[in-house]
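Welcome! Please take a moment to look over the sequence and the 3D structure shown here before reading on.

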Amino acid sequence: MQSASVLYAAWTGPENGPLTLCFGGFLDEIEDVVAFAQSHLPQARVLCVRGPRAQTQGGNGVSCGHFWYIGPQDNPELSTFGDGLYQAEVLLLERAAGGKIALAGRGQGGSVALTLAALWPDHVGAVQVWQGGLPLNLARMPLELGDLGAMEIALHDLPPPVAAFTTQI
């Protein structure tokens, strides 16, 4: 299936596994996201997605990895966060095709996964996040969040202020 999203992605996992979108963390390359998915989601059919922005080293164009947004992990700059979130939303809506799929992510990718789940709870059955959470500046974002009450959510290794904020939403 050809995607309308510009995000770079790769498949891993058994063909008959439950479908999961896994969003990479800060400075992850696609190989890092695939390795993470293989070790943390071994039973799932995973579409691994790296962040849309490249971090280069000086002016030489050598990539140091990719990221989702500018700013601290728990307080993203709104326009860059929105750009990445939109591209992730395109993937979610294409792959869910009227049903529900799982989301996963680590670090910045975890923030994207949780926010996406809050925006589209009718298309997300479960979310697993490692070392990421909902942005602390979520109230400043022009987003209409849905109810996460019926969703299976697993949070792993969140920083204390982010954990407290994420679990009260």
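Here is a short briefing on the sheet, a helix that crosses it, and the cysteines. Please keep in mind that this is a predicted model.

**The sheet**
- Start with the open sheet, which is built from six strands with mixed pairing.
- Going across it, the strands come in the order β1-β3-β2-β6-β7-β8.
- At the edges you will find β1, residues 9-12, and β8, residues 152-156, and each of these pairs on one side only.
- From one strand to the next, the twist averages 15 degrees.

**A strand pair to look at**
- Residues 19-23 make up strand β2, which runs parallel to strand β6, residues 101-106, with four bridges between them.
- To find this pairing by eye, look for T20, whose bridge partner in β6 is A102.

**The helix across the sheet**
- Helix α3 covers residues 108-119 and lies across β2, β6, β7 and β8.
- Of these strands, β7 spans residues 124-130.
- Relative to β6, helix α3 runs at about 150 degrees.

**The cysteines**
- How many disulfides does a search of the whole structure find? The search finds zero.
- Take C48 as an example: the closest cysteine sulfur belongs to C22 and is 5.5 Å from the sulfur of C48, so the two are too far apart for a bond. The cut-off for a disulfide is within 2.5 Å.
- Is C48 buried or exposed? C48 counts as buried, because its relative accessibility is 0%.
- C64, in turn, is partly exposed, with a relative accessible area of 35%.

Terms used: Residues are numbered from 1 along each chain as its sequence is written. This is a predicted model: local features need pLDDT of at least 70, side-chain atom pairs count only at pLDDT 80 or more; totals for chains, interfaces and linings use all residues. Side-chain values use heavy atoms; hydrogens and water are left out. Two strands pair if DSSP finds at least two bridges between them. Helices (H or I, at least four residues) and strands (E, at least two) are DSSP runs, numbered from the N terminus. Axes are lines fitted to C-alpha atoms, for helices over the stretch in contact, and angles run from 0 to 180 degrees between N-to-C directions. Contact means heavy atoms within 4.5 Å. Buried means under 20% relative accessible area, exposed over 50%, partly exposed in between (1.4 Å probe, protein chains only).
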